[in-house]
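Q: Please take a close look at one part of this model's surface. Then work from there to the way the fold is put together.

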Amino acid sequence: MRGNRTLGRDAWLVATARGASLLGDEVAVMVLAWRLKGHGPTAVMALTLALMVPTVVASPWTGMLVDRVSAKRLISWTTSVQALVCVALVFTSPAWSVAGVAALSLGSAIVNPAVGALTPRLVEREDLPRLLGLAGTFTSLGALLGPAVGGTLVAIAGTGVPLYVDAASFAAYAVMAIALKTDRVPEPSASGTRRRTEWAAGWLVLRNDKVLLTLQVVLMCSVLGIGAVNVAEVFFVSKTLHGNSLVYGTLGLLFGLGNLVGAVTFPRLNVKPAHRPMAAMVSAWTLAVGILALGSSRTVWLAALAGFI
């Protein structure tokens, strides 16, 4: 009977807010990339870096901040500022757009660990996997639908309305945090020192495990490659395929749909541990073939199929 009980109000609030916020983020990134394409590849590359670099650089310090400030306050304050930044992005120049995206990325580097620290307190321990599954479903839907929603809104209403949508998603996130009955209030301790010690210990484990280190290097190279594709994709759609924002958003939707199908299918294959390296190699080759096919496509339909692969 315990497995049949419903998740609490706070759990649903957090899961829904995370999905809505990610949907807004995907919309905003798609819109800004489309808006900046007129300023050349350098502007789009700067946008991509603004999305990634603040999160990587700030991660060690944001963890310490989460260990010192109430989760509700941290989430509500940060998302409120992010909502204001999104409104400002409607009226900014390309250079300030990149700076605004960097500010949004820095905010996400604060909010995400705060939500992660708060999540285990929202439900009983045995219900935590259900909550994580629910949150994962909503975030996957947000990432999946975001590009298509962004492309449609740009085609219908221009680039301003989608940014207001992202601002609304952050404002809803802030309201959600204020409405929560549950909070995580850190206890005074040497948490910062402990976190630095744990970070150093984690680096030692990574350095001494050749397999794990190799996987991390490969993953980093993959992320760099996908970042390069993200920069080129907007020009590929507009100049090679002669597509509009709706085509750009639809390709993003199909790419996300392919990821979702793969994530659902792979666990059902019951691949034996001894065969998993080969499965990973096949997946990597499939991704490589899909990217090559995408780059070779000269019609929207072939590009859509390659993006799904």
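A: Of the protein's 309 residues, 39% count as buried. The model is predicted. Its secondary structure comes to 11 helices and zero strands. Read along the sequence, the pattern is α-α-α-α-α-α-α-α-α-α-α.

Now the surface. A nonpolar patch lies there, formed by V29, M45, L49, L51, M52, V53, V56, V57, W61, L219 and V223. Together these residues have about 960 Å² of accessible area. Two helices each supply at least two residues of the patch: α2, spanning 41-66, and α8, spanning 210-240. The biggest share comes from α2, which gives eight residues.

Take V56 as one example from the patch. V56 sits in helix α2. Its relative accessibility is 63%. The cut-off for exposed is over 50%, so V56 counts as exposed.

Next, the partner of that helix. α2 packs with α1 at an angle of about 155°, and the two axes are 8 Å apart. That angle makes α1 roughly antiparallel to α2, because the class takes angles over 145 degrees. The crossing of α1 past α2 is right-handed.

α6 leads on to another helix. α6 runs over residues 160-179, and α3 over residues 71-89. These two pack at about 165°, again with axes 8 Å apart. α3 and α6 are therefore roughly antiparallel to each other. α3 passes α6 in a left-handed crossing.

That gives a chain of contacts starting from the patch. α2 supplies eight patch residues. α2 packs with α1. α6 packs with α3.

What about charge pairing? The structure holds one salt bridge. The side chains of R9 and D10 meet in it, at 2.9 Å from N to O. R9 has 42% relative accessibility, so it counts as partly exposed. D10 has 6%, so it counts as buried; the cut-off for buried is under 20%.

P120 lies in the loop between α4 (94-118) and α5 (128-157). Its relative accessible area is 43%, so P120 is partly exposed. P120 and R184 are 64 residues apart in sequence. In space, their C-alpha atoms are 9.6 Å apart.

Back to the patch, in brief. Its residues include W61, L219 and V223. α2 gives the most, and α8 supplies at least two. V56, on α2, is exposed at 63% relative accessibility.

Notes. Residues numbered from 1 in each chain as written. Predicted model: local features only at pLDDT ≥ 70, side-chain atom pairs only at ≥ 80, totals over all residues. Heavy atoms only, no water. Patch = residues over 30% accessible without salt bridge, like charges linked within 9 Å, V, L, I, M, F, W, Y side chains within 5 Å. Areas by Shrake-Rupley, 256 points an atom, 1.4 Å probe, with all protein chains shown as cover. Salt bridge = Lys/Arg side-chain N within 4 Å of Asp/Glu carboxyl O. Helix = DSSP H or I, 4+ residues; strand = E, 2+ residues; numbered from the N terminus. Buried < 20%, exposed > 50% of the residue type's maximum accessible area, 1.4 Å probe, protein only. Axes fitted to C-alpha atoms, helices over the stretch in contact; angles between N-to-C directions. Parallel < 35°, antiparallel > 145°, perpendicular 65-115°, else oblique. Left-handed = near helix turned anticlockwise from the far one by under 90°.
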